[in-house]
Amino acid sequence: MNSTDCPLCRGKSSHYYTTGQREFFQCSFCLSVFLNPANYMSAEKEKTHYELHNNNPEDSGYQKFVSPVTSVVLQNFESTHKGLDFGSGTGSPVVKVLQDNNYDIDQYDLYFHNNPDVLKKQYNYVTCTEVAEHFKAPYREFELLKKLLLPNGKLYVMTDLFNEKIDFATWYYKNDHTHVFLYHAKAFEWIKTTFDFKRVTIDNRLIILEL
């Protein structure tokens, strides 16, 4: 695979935008925009960057921000169902809100909750809140997320989607140096088909993939 091929769908890509030392490509197939792998931060710098985030799960504003995810989980699942927050970071408001409602939810994070055992189980639902844009290998990550779901399970992804009407030069979402893959809606249609989800629903920042 060429380094400029799309890391999600393997589509051919071309130069899209350069800002400072960072170059972005756009996939000709799924239309997503992604950072040149040569411009990725090191793992050490990335971890330090995440540690600087003010992620207090007790913060009511932060809980409100993730409420599109927690609300649909509370509506669609019972406390007896098993969940996983994938990419929970230093502190997860999703986990906080659901546990406050007596929900049974595990958490996994590459840097802060790296417990491989939770990735050997399956879940009724998986939440992935403001995480997918950090995926350097999105195909592999969505392949894993699919395997983590039980039959009839649901994957809740929260991310800001790219579209052609966005003024990329002023778009805030690309300015975070750890945001390396910016999904077009077409990418989630491709994910649905490729990983055999029954349906995909896009509601602003919330994307729901259902088995």
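Predicted model: local features only at pLDDT ≥ 70, side-chain atom pairs only at ≥ 80, totals over all residues.
Residues are numbered from 1 along each chain as its sequence is written, and side-chain values use heavy atoms, with hydrogens and water left out.

A nonpolar core is defined as a set of buried Ala, Val, Leu, Ile, Met, Phe, Trp, Tyr and Cys residues joined through side-chain atoms within 4.5 Å; buried denotes under 20% relative accessible area, exposed over 50%, and partly exposed in between, with a 1.4 Å probe and protein chains only. The largest such core comprises 36 residues, and Leu8, Phe142, Leu155, Tyr183 and Phe188 have the most contacts inside it. Two or more residues each are given to this core by β2 (22-27), β4 (82-86), β6 (123-129), α5 (138-147), β7 (149-158), α6 (185-194) and β10 (206-210), these elements being DSSP runs numbered from the N terminus (helices, H or I, at least four residues; strands, E, at least two). The largest share, four residues, comes from α6. A second, separate core of 15 residues includes Val69, Val73, Val94 and Ile105.

When residues up to four places away in sequence are not counted, the contacts of Tyr183 (heavy atoms within 4.5 Å) include Leu8, Phe135, Phe142, Leu161, Phe162 and Phe188.

Across the whole structure, 24 aromatic pairs are found. Rings of Phe, Tyr and Trp (its six-membered ring) pair if their centres lie within 6.5 Å; planes under 30 degrees apart count as stacked, over 60 as edge-to-face and the rest as tilted. The pair of Phe77 and Tyr125 is tilted, with centres 4.9 Å apart and planes at 40 degrees. It links Phe77, in the loop between α3 (67-76) and β4, to Tyr125 in strand β6, 48 residues apart. Phe77 is buried at a relative accessible area of 8%, and Tyr125 is buried at 0%.

Phe86 and Tyr108 form a stacked pair, 5.6 Å centre to centre and with 25 degrees between the planes. Phe86 lies in β4 and Tyr108 in β5 (residues 104-108), so the pair ties together parts 22 residues apart in sequence. Phe86 is buried at 5% relative accessibility, as is Tyr108 at 10%.

A charge sits over a ring if NZ of Lys or CZ of Arg is within 6 Å of the ring centre and within 35 degrees of the ring normal. The charged end of Lys174 sits over the ring of Phe168, 5.9 Å from its centre, and that of Lys186 over the ring of Phe29, 5.1 Å from its centre.
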